[in-house]
Every structure is written in C-alpha cells, then in structure tokens.
Amino acid sequence: MAARTSILGMTSDALARDVAGMPGRGAARNLYRRAMREGTFSPEDEGLGEAACTAWRMRFDVPLLKVTRTVDEVGHDGRPTTKAVLRTEDGFEVEAVRIPMGRDRTTLCVSSQVGCRLACAFCETGKMGLVRSLRPEEIVAQVVTVHAQLGWPVRKLVFMGMGEPLDNAEAVIQALRVFNDPRGFSLSQSNLTICTAGHVEGLAKLASLGWGRLNLSVSLNAATDAKRDKLMPINRRVPLAALQDALIRYRPSDRFIFAVNYCLMPGFNDAPEDLEAVARFCAPLGR
C-alpha cells in the first residue's frame with residue numbers, strides 16, 4: 001500500500017483540492033476539523049458508504065505522537081510549567097511545554113527539530129547536535145496530541161522548543177499555515193510566535209510572506225560580539241551588526257514590536273555595560 005498522507009500537514013483548502021473527484025469528498029471539511037481539534041479520523045462517523053470510507057482510509061490518516069511522560073517544573077516565579085515528552089514514529093523524542101502566562105492563560109511551546117545544530121552553550125538541546133528536522137505534520141501533531149490526549153488548551157503557540165525554527169523554515173511555515181486555518185485551530189497570526197537565534201536567511205524567507213502580525217522573538221543573550229561568540233556559535237557567522245540589519249529590514253510595519261530574549265548569567269552578561277550594549281542593539285529596531 002502506498003504511504004498515506006497525514007491530514008495534519010495540510011490546510012483545509014489543500015485537502016479539498018486533493019479529494020476532488022473522490023467519493024465522500026463532501027465530508028472533507030468535517031474530517032479536517034475533527035482531525036485538528038480532536039485528533040480523530042473516522043470517515044464512518046460522517047455517514048459515508050463503505051467505498052468512500054475505504055477511499056479515505058487508503059489515502060489519508062491522522063497520526064498522533066506518543067506521550068511518553070510529562071514533567072512538572074516550578075519556575076523562579078513560582079508558577080508551574082509542564083513538559084510533555086512526545087515520541088515520533090521513528091522513535092525520536094521531542095518536547096512541547098505548557099507555559100503559564102497569568103490569569104489562567106497559557107502558551108504552548110513547540111519544537112521544530114529533533115536536536116539542533118546551533119550548539120548554544122546554555123542549551124541542552126544543542127548538545128545533541130541536529131538529528132533531523134520535523135515535518136509539518138509532526139509539528140502540528142505535537143499540538144493536536146497534547147490537546148486531545150492531555151487536555152491542554154491551544155490559544156497561543158511559540159516556536160521556542162527543540163531546534164532553530166528558521167533552520168527548518170519551509171516546514172515551520174507550512175505548520176503556521178495549518179495553525180492559522182479557520183477550519184482547524186483558527187489561530188490568528190498575533191497568537192503565533194517564531195523565536196530565532198539569528199537565522200538571517202530564514203528571516204528573509206519569513207519576511208517574503210508578508211505576514212504583518214506574526215510575532216518574532218530574538219534570542220540575544222549578549223549584545224557584544226565577544227560575549228555572544230562564546231554563547232552562540234551562530235554569531236561567528238552572523239555577527240550582531242548583520243543580525244541587527246536583518247531585523248531592521250524584517251519589520252513589516254512601524255507598529256511591529258520585536259521581543260528580545262535575554263538569559264541573565266551572573267558575572268557574565270549582567271553588568272551595566274551589558275545593559276547599555278543591549279539598549280544600543282535594540283534602539284534602531286523601534287524606528
């Protein structure tokens with residue numbers, strides 16, 4: 001039997017085009033919605049005949065990831081985060097994390113790769129090296145799995161889990177299209193965030209989409225090349241001036257606001273001169 005296509009990697013319009021002329025094509029919208037929101041795939045429940053159900057099952061499926069364990073951790077602010085460790089079909093593990101945001105709201109942090117090639121000094125994932133990138137359906141499956149099996153809400157997503165999202169830009173962009181689909185998760189661009197260590201080629205690709213409300217977060221952690229070189233090897237290839245220029249060129253509108261992530265490391269990047277360097281780096285980004 002030919003490999004089946006995961007509905008989780010498709011937009012509803014792409015699915016509708018794919019089933020044109022197929023028996024039971026009128027059930028596409030309901031099957032898509034239930035796949036995304038419930039993690040199920042049951043053509044029989046749509047009242048389709050045997051031939052139509054067989055046709056659907058031969059061509060499509062909705063493979064979820066396996067929840068191997070969940071781990072609760074308490075942050076410095078006393079609020080608990082919950083990490084779900086999920087296994088892919090080929091036996092690798094990725095992580096999705098539920099992050100409390102106050103007022104009973106949460107953000108879901110998802111992974112884009114198994115491992116990461118950037119080898120940032122403070123990152124456990126970087127010690128693995130890059131094993132492989134996730135396919136769009138595997139990125140989406142993280143969200144569907146924790147929602148359907150763990151009951152986690154899906155209101156805001158941030159690509160800040162395992163991997164550099166813009167190192168896997170095509171798959172991440174397709175996953176964003178799926179998350180944005182009004183017949184699926186229906187998440188607005190303003191509820192989606194990409195976090196990058198400074199992948200300028202990926203930034204250019206993201207900018208070419210013209211998605212003016214998609215959030216962008218930059219992992220900075222040091223604002224001098226000497227210090228950032230030690231923490232983040234990507235800085236040796238893309239120094240701060242080049243990253244700053246890429247961010248200035250990225251801005252889709254005057255009202256766009258970048259988020260800057262900065263991990264304080266006592267005695268290394270927490271001096272007054274470090275603060276001044278961060279201010280100098282960020283100043284042109286707000287113009």
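E138 is buried, at a relative accessible area of 6%. Buried here stands for under 20% relative accessible area, exposed for over 50%, and partly exposed for in between, with a 1.4 Å probe and protein chains only. This is a predicted model, where local features need pLDDT of at least 70, side-chain atom pairs count only at pLDDT 80 or more, and totals for chains, interfaces and linings use all residues. Residues are numbered from 1 along each chain as its sequence is written, and side-chain values use heavy atoms, with hydrogens and water left out.

Now the partner of E138. Its side chain meets that of R135 in a salt bridge, 3.4 Å from N to O. The term covers a side-chain nitrogen of Lys or Arg within 4 Å of a carboxyl oxygen of Asp or Glu. R135 is partly exposed, with 39% relative accessibility. Through shared partners, salt bridges join D90, R132, R135, E137 and E138 into one network.

How many salt bridges does the structure hold? There are 21.

Another one pairs R4 with D61, at 3.9 Å from N to O. R4 lies in the segment before strand 1 (5-6) and D61 in strand 2 (residues 60-61), so this pair ties together parts 57 residues apart in sequence. Strands (E, at least two residues) and helices (H or I, at least four) are DSSP runs numbered from the N terminus. R4 is partly exposed at 41%, whereas D61 is buried at 16%.

Next, D167 and R117. Their closest N and O atoms are 2.5 Å apart in a salt bridge. D167 sits in the loop between strand 9 (157-159) and helix 5 (169-180), and R117 in the loop between strand 7 (113-115) and strand 8 (130-133), 50 residues apart. D167 is partly exposed at 21% relative accessibility, and R117 is partly exposed at 46%.
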